[in-house]
Amino acid sequence: MKYSILMPYYKRSMQLQNTLRSFVHFYSPRDDYEVIIIEDMKSSEEDKLALTIVLQEFEDQLCIKRIQGSQQDSYSPASAYNMGAREAEGEYLILTNPEAPHTKDILRGLDEEFAKDDNSYVVCSSLSVSESILPMELVRHISGKWYQHSIHRNTGCHFCTVISYEQYFSIAGFDEEYSAGIGFDDDDFRNKVQQAGIPFIYRDDLITLHLHHDKSRMDIEKYKANKALYEKKWGVGCFRAEHLPVKVNKL
């Protein structure tokens, strides 16, 4: 197995359906990847059923593993990514989410990069759009704002990023101290990759979409808790989102 696509999941059935359809569209000739969906333990029975119905559509087309998250009190996806990584059989881990369909053959682009350097951290671009369901024929003709782009908004975060299995565990994956709070787990992980000296490779041409979804109400205390944890670990005012001291590699 070459690639394991890790997706922490919570209330994203329509978005996931579109994402999986994009995989079928681009990757039907391939059998060297798997999709691992880590389901949030807080999911209701209705949510579980919605996910089951979506997965039934793809049971004969994709290799999908559905596993249960391990922490009832987890609000960030940190522990879910680590659980998915432990279950992964792929040589490379694709860190993404259920609302990120592909607009082109991203796996082929990843093949190209890892043929050059199998220890790099590949960052694909992410374009946010207002629709939650898009026919494949429309994805090349949409407008939106960049959530990740090396020029327009360089977060370096894992809307769709790829790291080797070996490198992921060499930096101990995501810090699960962030699990009980909200936010900053993504910045922390990016910082750990950089701190380890793993080269960032930006592939703006490998475009994923970020589909609209309802946002949970912000718990300000949980946000503050993770902010304090992040600043204790990395320093007050440490770079976030658009302020990355990393070299940009453009095509």
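This report looks at salt bridges in a predicted model.

## Basis

Local features need pLDDT of at least 70, side-chain atom pairs count only at pLDDT 80 or more, and totals for chains, interfaces and linings use all residues. Residues are numbered from 1 along each chain as its sequence is written, and side-chain values use heavy atoms, without hydrogens and water.

## Salt bridges overall

The structure holds 18 salt bridges. A salt bridge is a side-chain nitrogen of Lys or Arg within 4 Å of a carboxyl oxygen of Asp or Glu.

## Lys65 and Glu89

Lys65 sits in strand β3 (residues 64-68) and Glu89 in the loop between α3 (78-87) and β4 (92-95), so the pair ties together parts 24 residues apart in sequence. Helices (H or I, at least four residues) and strands (E, at least two) are DSSP runs, numbered from the N terminus.

Glu89 counts as exposed, at 53% relative accessibility. Buried means under 20% relative accessible area, exposed over 50%, and partly exposed in between (1.4 Å probe, protein chains only).

## Lys233 and Asp175

Lys233 pairs with Asp175 in a salt bridge, with the closest N and O atoms 3.0 Å apart. Lys233 belongs to helix α7 (residues 220-234), and Asp175 to the loop between α5 (165-170) and α6 (185-195), so the pair ties together parts 58 residues apart in sequence.

Lys233 is partly exposed at 37% relative accessibility. Asp175 is buried at 13%.

Arg203 forms a salt bridge with Asp205; their closest N and O atoms are 2.8 Å apart. Arg203 is buried at 5% relative accessibility, while Asp205 is partly exposed at 25%. Salt bridges with shared partners join Glu112, Glu113, Lys116, Arg203 and Asp205 into one network.
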